[in-house]
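Reader: I would like to learn how to read a few features of a protein model, taking each general idea first and the case at hand after it. Could we go through them one at a time?

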Amino acid sequence: MNLRGITFIFLKQKLGVIPNYSTMNVDYDVADEIKKFNETRLPELVQFKYGFMAENLYRFFRGTSHLFHDQIIDHKSIKSPLAWICGDLHLENFGCYRGNNGLVYFDLNDFDEALLGPITWELSRVLTSIIIAFRTLAIGEDKALKMTQLFLNSYSKTLTAGRPGFIERQTAKGIVRLVLRKASHRSQDVILRKNTVLSTKGIKLNTERPKCFKLNKNTRHNVMTFAAEWLKENTDGPYNYTVKDAAFRLAGTGSVGVKRYAILLKSSNSNGEKFVILDMKQAMPSSSQHYFKKLQPKWRDEGERIIAIQNRAQNVTPSLLSTGIFDGIPFIIEEMQPEKDSIDFQLIKNQYRDIYQVIDDMAMITASSHLRSSGRQGSAIADELIGFGEQKDWQGTLIDKAFDYANKIQVCYDRYCQAYTKGYFKK
């Protein structure tokens with residue numbers, strides 16, 4: 001019997017056996033793979049990413065989707081229908097955001113890696129994230145197993161029903177409802193207070209914050225000029241605003257090292273001062289697109305890819321979501337969202353009922369995004385998705401593989417930490 005089978009049986013029988021990670025075969029140089037992938041990122045800022053990834057197993061997992069796609073996942077995995085997938089689905093890529101209709105939703109919220117691909121490619125990533133998150137939080141392996149089973153059962157149930165759902169404040173339950181309630185009551189003023197300061201020249205972005213940096217004079221001028229032109233020409237932008245400031249922004253894990261800016265806008269209306277902050281992030285290629293290159297439409301650029309798939313997958317898109325070309329590079333532009341509107345599993349690790357509800361919601365949202373985007377440019381039609389949801393024989397195998405993937409990620413993390421401690425990633 002192979003390692004996956006042994007692991008799965010041990011977990012099912014609740015013997016409390018944790019695999020011996022040191023004996024697992026990972027036949028590639030983890031440190032070299034990671035360094036090579038990040039060599040095109042901004043050198044000074046990618047050092048932050050390396051530090052973030054060393055913090056714990058889950059953050060390492062978040063920052064290495066390329067490693068997962070290229071070295072961990074079984075490319076000959078279970079056959080499944082094609083769907084417009086997030087491409088990097090993990091627990092922290094679900095969260096709250098304010099939609100373009102002014103309401104707050106809980107949904108998938110990161111489409112940087114999105115593409116047309118097999119459903120099991122998506123599910124393998126999210127199941128592995130559940131296992132790794134539970135290990136990072138020291139929650140038992142038996143509970144991780146139950147949650148992976150729950151996720152696939154709820155996912156399949158939603159597919160079988162054939163109707164995409166969504167979660168807003170009125171329909172949310174448990175901890176998600178509390179998070180949505182807080183987000184709904186959080187005004188733009190709160191975001192402004194956290195990200196701006198009053199200077200002698202008026203309100204400006206607070207570059208004394210840990211994740212906000214001053215731009216050199218020339219870059220700041222160019223970013224502000226671009227934003228001013230975007231406001232004039234783009235119908236997705238807010239009406240009657242002017243550009244007041246720009247700074248470099250650091251956020252997330254996987255995207256750290258790409259160009260990302262915060263842009264402060266001020267309303268030109270005479271009825272009091274009103275400000276909005278834009279988040280403008282460089283659109284990078286999906287790290288797994290080379291596996292499914294022949295399946296992809298011919299996008300104008302990476303920004304168009306991300307925006308198009310996000311519009312298909314989400315029930316309501318974020319406020320001011322748009323794209324633009326700055327300095328020859330595609331960027332995604334949207335209203336800045338609060339950084340902590342995802343579920344903090346650390347706070348609810350001992351509240352099993354809340355975790356159960358959250359995982360159930362995430363599974364429903366995932367299936368809904370696949371149904372919502374079905375039948376578009378090569379994705380499976382709803383009937384195919386319904387048929388896949390009705391099948392049950394693939395679920396146990398996929399969970400078995402996810403535990404195997406999690407074990408290999410643990411080995412990679414251990415090797416990464418050794419290299420990081422020895423200074424391998426220093427400039």
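Predicted model: local features only at pLDDT ≥ 70, side-chain atom pairs only at ≥ 80, totals over all residues.

Reader: Which elements each supply at least two residues of the lining of the second largest pocket?

Author: They are helix 3 (43–53), helix 10 (217–233) and strand 13 (329–335). The second largest pocket holds about 290 Å³ of space, and 17 residues line this pocket, with Leu 42, Leu 215, Thr 219, Phe 248 and Tyr 261 lying nearest its centre. Sorted by class, the lining of the second largest pocket consists of nine nonpolar, four polar and four charged residues.

Reader: How should I read a pair of aromatic rings?

Author: Such a pair is described by two quantities, the distance of the ring centres and the angle of the planes. The structure holds 23 aromatic pairs. In the pair of Phe 388 and Trp 394 the ring centres are 4.4 Å apart and the planes stand at 15 degrees, so this pair is stacked, given that planes under 30 degrees apart count as stacked.

Reader: Are Phe 388 and Trp 394 buried or exposed?

Author: Phe 388 is buried because its relative accessible area is 4%, under the cut-off of 20%, and Trp 394 counts as buried at 3% relative accessibility.

Reader: Which residues form one aromatic cluster, and which rings does Arg 125 lie over?

Author: The cluster is made of Tyr 50, Phe 60, Tyr 413, Tyr 416, Tyr 420, Tyr 424 and Phe 425. As for Arg 125, its charged end sits over the ring of Phe 61, 3.9 Å from the ring centre, and Arg 125 also lies over the face of Phe 68, at 5.1 Å from that ring centre.

Reader: What should I keep in mind about the side chains in a regular strand?

Author: The side chains of a regular strand alternate between the two faces of the sheet. Turning to the case here, strand 3 (residues 104–108) is mostly covered, with five of its five residues buried.

Reader: How does strand 3 pair with strand 2 and with strand 5?

Author: Strand 2 (residues 94–98) runs antiparallel to strand 3 and is joined to it by five bridges, with Arg 98 having Val 104 of strand 3 as its bridge partner. The hairpin of these two strands has five residues between them, and in it Gly 102 takes a positive phi near 90 degrees. Strand 5 (residues 167–168) also pairs with strand 3 in the antiparallel sense, over two bridges, and there Glu 168 of strand 5 stands opposite Tyr 105.

Technical notes:
Residues numbered from 1 in each chain as written. Heavy atoms only, no water. Phe/Tyr/Trp six-rings, centres within 6.5 Å; stacked < 30°, edge-to-face > 60°. Buried < 20%, exposed > 50% of the residue type's maximum accessible area, 1.4 Å probe, protein only. Lys NZ or Arg CZ within 6 Å of the ring centre and 35° of its normal. Helix = DSSP H or I, 4+ residues; strand = E, 2+ residues; numbered from the N terminus. Pairing = 2+ DSSP bridges. 1 Å grid on protein atoms, 1.4 Å probe; cavity = no way out; pocket = protein on both sides within 12 Å on 5 of 7 lines; lining within 4 Å. Points joined across faces, edges and corners; volume = space filled by probe spheres on them. Nonpolar A, V, L, I, M, F, W, Y, C, P; charged D, E, K, R; others polar.
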